[in-house]
Amino acid sequence: MDTPVTNTAAAAWNDIPVTDWQGVALDCSTCRHQPLQRTGGCEPGRSCMQDAYARRIDRFFRTHPALAGEHLDHAYFEVRAIAARHADVFLLPRLMDDPDETVRLQLALRLPQRLLSRLRSDPHREVRKTVAHRVAPALLPLLMNDPDLQVRLAVAQRVAMPALWRMVEDPAPEVRRVVAERLPVPLLDTLAGDDDWLVRWTTAGRALGAALQRLLGDHEAEVRERAAERIAELNLDRIAGLSGRHVDPSPGHPPAPDHG
């Protein structure tokens, strides 16, 4: 006898209880959207904005985005957050002080630039990080001193000069490495003496002149090797220029030093 084929994913889906956010069994008779059931517009256990399960809520609002604005003040944070993902963007500013960071994160992803910077002091780092990825470049210096490393990394990857120069003094070597990748070459001399060997290694891959010569004598072997590679790359460029050919040297990748 053939063994019936079962859909494990569907079974797992259906195993999730059909309850509202307070753990109470759903009662469609009390829902204002009950008429949608008659046309297949919603279905308990699959597409329902009253459900506690976020995927069922999302399926409802993806099907009926015009209804999302009606639920931005719902008591359950998942409903507010998912409704904010689908609602008209002009309805979102009223949620800027929402108590849940999941809701505010949706705002950081969708608010227009003229309002986005107001979230730069949000208490949650993921909200501020999203702001750093989206905010206009001219406003990025406002986030340069953020207490969270991930936020400052996002700033360092986008901020322009002269603000970028101020980040050479960032306390985190991860941030200074990004600065070493982006800083104008004539300004790399400061980072050639950085305390972190990977910052110096990154600098050695871009430096010229005195900064490069300084790195040739670095106490870390990997940095000295990278500086020597840089000189070889520059010599190849010079030779290619004399011969009329273009040579595109590929930068190395930082090794892990063995300090015993």
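## Starting at Met96

Let's begin in the loop between H3 and H4, where Met96 is found. This is a predicted model, and in it Met96 has a relative accessibility of 6%. Buried means under 20% relative accessible area, so Met96 counts as buried.

What does Met96 touch, once residues up to four places away in sequence are set aside? Its partners are Arg104, Leu107, Leu111, Leu115, Arg118 and Leu119. There's also a distance to look at here: Met96 and Ala108 sit twelve residues apart in sequence, with 9.1 Å between their C-alpha atoms.

## The whole protein

Stepping back, you'll find twelve helices and zero strands. Read from the N terminus, the order of elements is simply α-α-α-α-α-α-α-α-α-α-α-α.

The protein has 260 residues, and 41% of them are buried. Its accessible surface is about 14,600 Å², with 53% of that belonging to carbon and sulfur atoms. Take the contacts with a separation of 6 or more: 29% of them are between residues 24 or more positions apart.

## Helices H4 and H6

Back to the neighbourhood of Met96. Helix H4 covers residues 101-110, and its buried residues are Val103, Arg104, Gln106, Leu107 and Ala108. Two of these, Arg104 and Leu107, are among the residues that Met96 touches. Which helices do the buried residues of H4 pack against? They are helix H3 (77-86), helix H5 (113-116) and helix H6 (125-134). At the start of H4, Asp100 puts a side-chain oxygen within 2.8 Å of the backbone nitrogen of Thr102.

H6 has its own buried set: Val127, Arg128, Thr130, Val131 and Ala132. The cover over these residues includes H4, H5 and H7.

## Asp51, a buried loop residue

Asp51 lies in the loop between helix H1 (8-15) and helix H2 (54-63). Is Asp51 buried or exposed? Its relative accessible area is 0%, so Asp51 is buried.

Leaving out neighbours within four places in sequence, Asp51 is in contact with Pro17, Val18, Thr19, Asp20, Leu26, Gly45, Arg56, Ile57 and Tyr76. With Arg56 there's a polar contact between the two side chains, at 3.1 Å. Further along the chain, Glu78 is 27 residues from Asp51, and their C-alpha atoms are separated by 9.7 Å.

## The largest pocket

One of the contacts of Asp51, Leu26, turns up again here. Leu26, Asp27, Cys31, Cys48 and Gln50 lie nearest the centre of the largest pocket, which is lined by 20 residues.

About 220 Å³ of space lies in this pocket. Its lining is made up of ten nonpolar, seven polar and three charged residues.

## A cis bond and a buried threonine

Now for the loop between helix H7 (149-158) and helix H8 (163-166), where you'll find Pro162. The peptide bond that joins Met161 and Pro162 is cis, with omega at about 5 degrees. For context, most peptide bonds are trans.

With a relative accessible area of 0%, Thr203 is buried. Which residues does Thr203 touch, not counting those up to four places away in sequence? The answer is Ala180, Leu188, Leu191, Ala192 and Leu215.

Methods: Residues are numbered from 1 along each chain as its sequence is written. This is a predicted model: local features need pLDDT of at least 70, side-chain atom pairs count only at pLDDT 80 or more; totals for chains, interfaces and linings use all residues. Side-chain values use heavy atoms; hydrogens and water are left out. On a 1 Å grid over the protein atoms alone, a cavity is a set of points where a 1.4 Å probe fits but cannot get out, and a pocket is an open set with protein on both sides within 12 Å along at least five of seven lines; lining residues have an atom within 4 Å of a point. Grid points are joined across faces, edges and corners, and a volume is the space filled by probe spheres set on the points. Ala, Val, Leu, Ile, Met, Phe, Trp, Tyr, Cys and Pro count as nonpolar, Asp, Glu, Lys and Arg as charged, and the others, Gly among them, as polar. Helices (H or I, at least four residues) and strands (E, at least two) are DSSP runs, numbered from the N terminus. Buried means under 20% relative accessible area, exposed over 50%, partly exposed in between (1.4 Å probe, protein chains only). Contact means heavy atoms within 4.5 Å. Accessible areas come from the Shrake-Rupley method with a 1.4 Å probe; for residues, only the protein chains shown count as cover. A polar contact is a pair of N or O atoms within 3.5 Å; within protein, one must be able to donate a hydrogen and the other to accept it, and residues adjacent in sequence count only if both atoms are side-chain atoms.
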